[in-house]
Amino acid sequence: MSIIEARDIQRSFDDMIVLSGLNLDVQKGEFLAISGRSGVGKSTLLSILGTHDLNHGGSLRIADTATNGLSSSELAALRREYLGFVFQDFYLLPSLTAMENVILPSVFSGGNLANARAHGAEILDKLSIRANETQTSLLSRGERQRVAVARGLVNRPSVLLADEPSASLDEESEQILFDLLDDLRKQQNFALIAVVHSTVILHRADRVLELKDGILHETV
Ligand SMILES: Nc1ncnc2c1ncn2[C@@H]1O[C@H](COP(=O)(O)OP(=O)(O)OP(=O)(O)O)[C@@H](O)[C@H]1O
Ligand SMILES: [Mg+2]
(Lines give C-alpha, C1' and ligand atoms only; values in the text may rest on other atoms or scores of the structure.)
(Ligands and ions follow the chains in the order given, each with its own letter.)
Protein backbone atom coordinates (compact mmCIF):
# COMPACT_ATOMS: atom_id res chain seq x y z
CA MET A 1 0.00 0.00 0.00
CA SER A 2 1.26 3.45 -0.90
CA ILE A 3 1.11 5.96 1.91
CA ILE A 4 0.19 8.58 -0.70
CA GLU A 5 -1.56 7.87 -3.96
CA ALA A 6 -2.43 10.79 -6.24
CA ARG A 7 -4.31 10.25 -9.48
CA ASP A 8 -4.90 12.68 -12.32
CA ILE A 9 -4.36 15.73 -10.12
CA GLN A 10 -5.28 18.97 -11.84
CA ARG A 11 -5.00 22.50 -10.54
CA SER A 12 -5.47 25.84 -12.31
CA PHE A 13 -5.43 29.40 -11.11
CA ASP A 14 -7.83 31.41 -13.29
CA ASP A 15 -6.84 30.36 -16.80
CA MET A 16 -3.33 29.22 -15.87
CA ILE A 17 -2.97 25.44 -15.70
CA VAL A 18 -0.37 24.49 -13.09
CA LEU A 19 -0.98 20.75 -12.63
CA SER A 20 -2.47 18.84 -15.53
CA GLY A 21 -3.14 15.21 -14.68
CA LEU A 22 -0.34 14.40 -12.29
CA ASN A 23 0.09 10.90 -10.81
CA LEU A 24 2.21 9.98 -7.82
CA ASP A 25 2.70 7.00 -5.51
CA VAL A 26 4.83 7.33 -2.42
CA GLN A 27 5.93 4.41 -0.24
CA LYS A 28 6.55 4.54 3.48
CA GLY A 29 10.15 5.20 4.36
CA GLU A 30 11.25 6.60 1.03
CA PHE A 31 12.88 9.96 0.39
CA LEU A 32 11.26 11.45 -2.67
CA ALA A 33 12.80 14.69 -3.90
CA ILE A 34 10.81 17.00 -6.14
CA SER A 35 12.71 19.37 -8.34
CA GLY A 36 11.62 21.92 -10.90
CA ARG A 37 11.93 25.55 -11.86
CA SER A 38 10.51 28.40 -9.83
CA GLY A 39 6.80 28.88 -10.41
CA VAL A 40 6.28 25.41 -11.90
CA GLY A 41 3.90 24.36 -9.12
CA LYS A 42 5.96 22.51 -6.48
CA SER A 43 4.42 24.31 -3.50
CA THR A 44 0.98 23.95 -5.08
CA LEU A 45 1.55 20.19 -5.33
CA LEU A 46 2.68 19.93 -1.70
CA SER A 47 -0.35 21.81 -0.45
CA ILE A 48 -2.61 19.46 -2.42
CA LEU A 49 -0.82 16.37 -1.06
CA GLY A 50 -1.11 17.85 2.42
CA THR A 51 -4.88 18.41 1.96
CA HIS A 52 -4.52 22.15 2.52
CA ASP A 53 -5.58 22.91 -1.05
CA LEU A 54 -8.80 21.08 -1.88
CA ASN A 55 -9.58 22.90 -5.12
CA HIS A 56 -8.07 20.33 -7.43
CA GLY A 57 -9.26 17.75 -9.90
CA GLY A 58 -8.42 14.07 -9.59
CA SER A 59 -8.19 11.98 -6.46
CA LEU A 60 -5.90 11.64 -3.49
CA ARG A 61 -5.56 8.81 -0.99
CA ILE A 62 -3.56 9.09 2.21
CA ALA A 63 -2.89 5.87 4.10
CA ASP A 64 -5.57 4.26 1.94
CA THR A 65 -8.20 6.86 2.85
CA ALA A 66 -9.77 8.81 -0.02
CA THR A 67 -9.71 12.51 0.83
CA ASN A 68 -12.47 13.54 -1.61
CA GLY A 69 -15.64 14.29 0.28
CA LEU A 70 -14.14 14.28 3.78
CA SER A 71 -15.34 17.01 6.13
CA SER A 72 -12.85 19.58 7.38
CA SER A 73 -12.66 17.89 10.78
CA GLU A 74 -12.07 14.49 9.15
CA LEU A 75 -9.30 16.06 7.07
CA ALA A 76 -7.80 17.66 10.16
CA ALA A 77 -7.78 14.28 11.88
CA LEU A 78 -6.12 12.68 8.85
CA ARG A 79 -3.43 15.40 8.80
CA ARG A 80 -2.87 15.03 12.53
CA GLU A 81 -2.44 11.30 12.32
CA TYR A 82 -0.29 11.04 9.21
CA LEU A 83 1.21 14.31 8.03
CA GLY A 84 3.93 16.70 9.08
CA PHE A 85 4.65 19.95 7.29
CA VAL A 86 7.61 22.23 6.76
CA PHE A 87 6.32 25.25 4.86
CA GLN A 88 8.40 27.31 2.47
CA ASP A 89 7.74 30.42 4.57
CA PHE A 90 7.96 28.49 7.89
CA TYR A 91 4.70 29.92 9.36
CA LEU A 92 6.14 30.07 12.85
CA LEU A 93 4.37 32.21 15.42
CA PRO A 94 6.96 34.97 15.94
CA SER A 95 6.14 35.78 19.55
CA LEU A 96 6.46 32.16 20.67
CA THR A 97 9.70 30.39 21.59
CA ALA A 98 11.19 27.57 19.53
CA MET A 99 9.74 24.94 21.88
CA GLU A 100 6.31 26.59 21.95
CA ASN A 101 6.26 26.57 18.15
CA VAL A 102 7.40 22.95 18.04
CA ILE A 103 4.69 21.68 20.39
CA LEU A 104 1.98 23.72 18.64
CA PRO A 105 0.71 20.78 16.53
CA SER A 106 0.27 18.78 19.74
CA VAL A 107 -1.50 21.67 21.44
CA PHE A 108 -3.95 21.82 18.54
CA SER A 109 -4.44 18.08 18.34
CA GLY A 110 -4.88 17.64 22.07
CA GLY A 111 -1.85 15.35 22.12
CA ASN A 112 0.40 14.51 25.04
CA LEU A 113 2.38 17.71 25.67
CA ALA A 114 5.00 16.12 27.88
CA ASN A 115 5.85 13.63 25.13
CA ALA A 116 5.86 16.38 22.52
CA ARG A 117 8.17 18.48 24.67
CA ALA A 118 10.57 15.60 25.22
CA HIS A 119 10.65 14.63 21.54
CA GLY A 120 10.81 18.30 20.51
CA ALA A 121 13.77 18.90 22.84
CA GLU A 122 15.58 15.94 21.30
CA ILE A 123 15.08 17.18 17.74
CA LEU A 124 15.90 20.81 18.56
CA ASP A 125 19.04 19.66 20.29
CA LYS A 126 20.12 17.60 17.27
CA LEU A 127 19.53 20.65 15.10
CA SER A 128 21.56 22.84 17.49
CA ILE A 129 18.65 25.06 18.47
CA ARG A 130 18.57 26.14 22.09
CA ALA A 131 15.15 25.56 23.64
CA ASN A 132 15.22 28.78 25.66
CA GLU A 133 12.91 31.74 26.18
CA THR A 134 13.94 33.60 23.01
CA GLN A 135 11.02 34.36 20.75
CA THR A 136 11.48 32.98 17.25
CA SER A 137 11.20 36.43 15.63
CA LEU A 138 14.68 37.09 17.06
CA LEU A 139 16.25 33.93 15.60
CA SER A 140 18.18 33.93 12.34
CA ARG A 141 16.41 32.72 9.21
CA GLY A 142 18.35 29.44 9.25
CA GLU A 143 17.47 28.88 12.91
CA ARG A 144 13.81 29.54 12.19
CA GLN A 145 13.97 27.05 9.34
CA ARG A 146 15.29 24.37 11.69
CA VAL A 147 12.54 25.15 14.20
CA ALA A 148 10.03 24.67 11.39
CA VAL A 149 11.57 21.27 10.59
CA ALA A 150 11.45 20.22 14.25
CA ARG A 151 7.77 21.19 14.37
CA GLY A 152 7.05 19.10 11.26
CA LEU A 153 8.59 16.06 12.92
CA VAL A 154 7.30 16.31 16.45
CA ASN A 155 4.11 14.29 15.96
CA ARG A 156 6.01 11.40 14.34
CA PRO A 157 4.26 11.73 10.98
CA SER A 158 4.01 8.96 8.37
CA VAL A 159 4.76 11.55 5.70
CA LEU A 160 6.78 14.72 6.08
CA LEU A 161 6.01 17.26 3.36
CA ALA A 162 8.88 19.71 3.29
CA ASP A 163 9.05 22.68 0.97
CA GLU A 164 12.73 23.58 0.46
CA PRO A 165 13.56 22.71 4.09
CA SER A 166 17.21 23.71 3.74
CA ALA A 167 16.82 26.80 1.55
CA SER A 168 18.19 29.11 4.26
CA LEU A 169 21.01 26.87 5.46
CA ASP A 170 24.70 26.76 4.67
CA GLU A 171 26.04 23.48 3.25
CA GLU A 172 27.18 22.08 6.58
CA SER A 173 23.88 22.82 8.33
CA GLU A 174 22.06 21.38 5.34
CA GLN A 175 24.01 18.13 5.66
CA ILE A 176 23.30 17.99 9.39
CA LEU A 177 19.61 18.51 8.73
CA PHE A 178 19.41 15.74 6.12
CA ASP A 179 21.52 13.42 8.30
CA LEU A 180 18.94 13.91 11.03
CA LEU A 181 16.07 13.36 8.60
CA ASP A 182 17.76 10.14 7.41
CA ASP A 183 18.21 8.89 10.99
CA LEU A 184 14.63 9.66 11.96
CA ARG A 185 13.32 8.21 8.71
CA LYS A 186 15.09 4.95 9.43
CA GLN A 187 13.81 4.89 13.02
CA GLN A 188 10.25 5.90 12.25
CA ASN A 189 9.90 4.81 8.62
CA PHE A 190 8.18 7.99 7.46
CA ALA A 191 8.18 9.10 3.85
CA LEU A 192 9.97 12.36 3.15
CA ILE A 193 8.60 14.34 0.22
CA ALA A 194 10.81 17.36 -0.14
CA VAL A 195 11.19 20.11 -2.67
CA VAL A 196 14.94 20.24 -3.18
CA HIS A 197 17.27 22.34 -5.32
CA SER A 198 20.70 21.42 -3.98
CA THR A 199 22.36 18.76 -6.16
CA VAL A 200 24.13 17.34 -3.10
CA ILE A 201 20.78 16.67 -1.46
CA LEU A 202 19.16 15.45 -4.68
CA HIS A 203 21.81 12.72 -4.74
CA ARG A 204 20.73 11.53 -1.30
CA ALA A 205 17.13 10.93 -2.41
CA ASP A 206 15.74 7.48 -3.26
CA ARG A 207 13.92 9.04 -6.22
CA VAL A 208 14.00 12.44 -7.88
CA LEU A 209 10.96 13.57 -9.85
CA GLU A 210 10.96 16.76 -11.84
CA LEU A 211 7.76 18.79 -12.02
CA LYS A 212 7.42 20.17 -15.52
CA ASP A 213 4.49 20.99 -17.79
CA GLY A 214 2.04 20.08 -15.04
CA ILE A 215 3.20 16.51 -14.33
CA LEU A 216 6.07 14.69 -12.63
CA HIS A 217 8.87 13.20 -14.72
CA GLU A 218 11.33 10.51 -13.69
CA THR A 219 14.87 11.85 -13.82
CA VAL A 220 17.95 9.78 -14.49
N1 LIG B 1 -3.33 31.04 -4.60
C2 LIG B 1 -2.86 31.32 -5.82
N3 LIG B 1 -3.52 32.17 -6.64
C4 LIG B 1 -3.07 32.44 -7.89
N5 LIG B 1 -1.95 31.91 -8.42
C6 LIG B 1 -1.25 31.06 -7.63
C7 LIG B 1 -1.66 30.74 -6.30
N8 LIG B 1 -0.76 29.86 -5.79
C9 LIG B 1 0.16 29.67 -6.74
N10 LIG B 1 -0.13 30.37 -7.85
C11 LIG B 1 0.64 30.38 -9.10
O12 LIG B 1 0.87 29.04 -9.48
C13 LIG B 1 2.18 28.87 -10.00
C14 LIG B 1 2.92 27.85 -9.21
O15 LIG B 1 3.20 28.36 -7.91
P16 LIG B 1 4.02 27.55 -6.84
O17 LIG B 1 4.14 28.42 -5.64
O18 LIG B 1 3.40 26.23 -6.67
O19 LIG B 1 5.42 27.39 -7.58
P20 LIG B 1 6.79 26.76 -7.03
O21 LIG B 1 7.20 25.72 -8.02
O22 LIG B 1 6.62 26.34 -5.62
O23 LIG B 1 7.79 27.99 -7.13
P24 LIG B 1 9.08 28.36 -6.20
O25 LIG B 1 10.19 27.43 -6.60
O26 LIG B 1 9.39 29.78 -6.59
O27 LIG B 1 8.68 28.23 -4.77
C28 LIG B 1 2.83 30.27 -9.96
O29 LIG B 1 2.69 30.85 -11.22
C30 LIG B 1 2.00 30.99 -8.92
O31 LIG B 1 1.98 32.38 -9.17
MG1 LIG C 1 7.48 26.95 -3.86
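Predicted model: local features only at pLDDT ≥ 70, side-chain atom pairs only at ≥ 80, totals over all residues.
By class, I get six nonpolar, four polar and two charged residues in the lining of the second largest pocket.

**Second largest pocket**

I looked up the space in this one, and about 190 Å³ lies in the second largest pocket.

Which elements supply at least two residues each? I find helix H1 (42-49), E6 and strand E7 (159-163). H1 has the largest share of this lining, with three residues.

**Largest pocket**

Next I went to the largest pocket, where about 450 Å³ of space lies. I noted 17 lining residues. Nearest the centre of the largest pocket are Leu 83, Phe 85, Leu 104, Pro 105 and Phe 108.

I checked where the lining of the largest pocket comes from: helix H2 (72-82), strand E6 (83-86), helix H3 (98-109) and helix H5 (141-153) each give two or more residues. H3 gives the most, four residues. By class, I put down nine nonpolar, five polar and three charged for the lining of the largest pocket.

**Ligand 1**

Now the ligand. I see 13 residues around ligand 1. Which are closest? They are Ser 38, Gly 39, Lys 42, Ser 43 and Thr 44.

I went through the side-chain distances one by one. For Ser 38, a side-chain N or O atom is 2.6 Å from an oxygen atom of ligand 1. For Lys 42, the distance from a side-chain N or O atom to a ligand 1 oxygen is 2.7 Å. For Gln 88, I have 2.9 Å between a side-chain N or O atom and an oxygen of ligand 1.

How much of ligand 1 does the protein cover? Ligand 1 has 640 Å² of accessible area on its own, and the protein covers 60% of that. Strand E2 (16-26) and H1 are the elements that give two or more residues to the shell. H1 gives the most here, with three residues.

Last entry: I sorted the shell around ligand 1 by class and got four nonpolar, six polar and three charged residues.

Key. Residues numbered from 1 in each chain as written. Chains lettered and ligands numbered in written order. Heavy atoms only, no water. 1 Å grid on protein atoms, 1.4 Å probe; cavity = no way out; pocket = protein on both sides within 12 Å on 5 of 7 lines; lining within 4 Å. Points joined across faces, edges and corners; volume = space filled by probe spheres on them. Nonpolar A, V, L, I, M, F, W, Y, C, P; charged D, E, K, R; others polar. Near = heavy atom within 4 Å. Polar contact = N/O pair within 3.5 Å; in protein donor to acceptor, adjacent residues only side chain to side chain. Areas by Shrake-Rupley, 256 points an atom, 1.4 Å probe, with all protein chains shown as cover.
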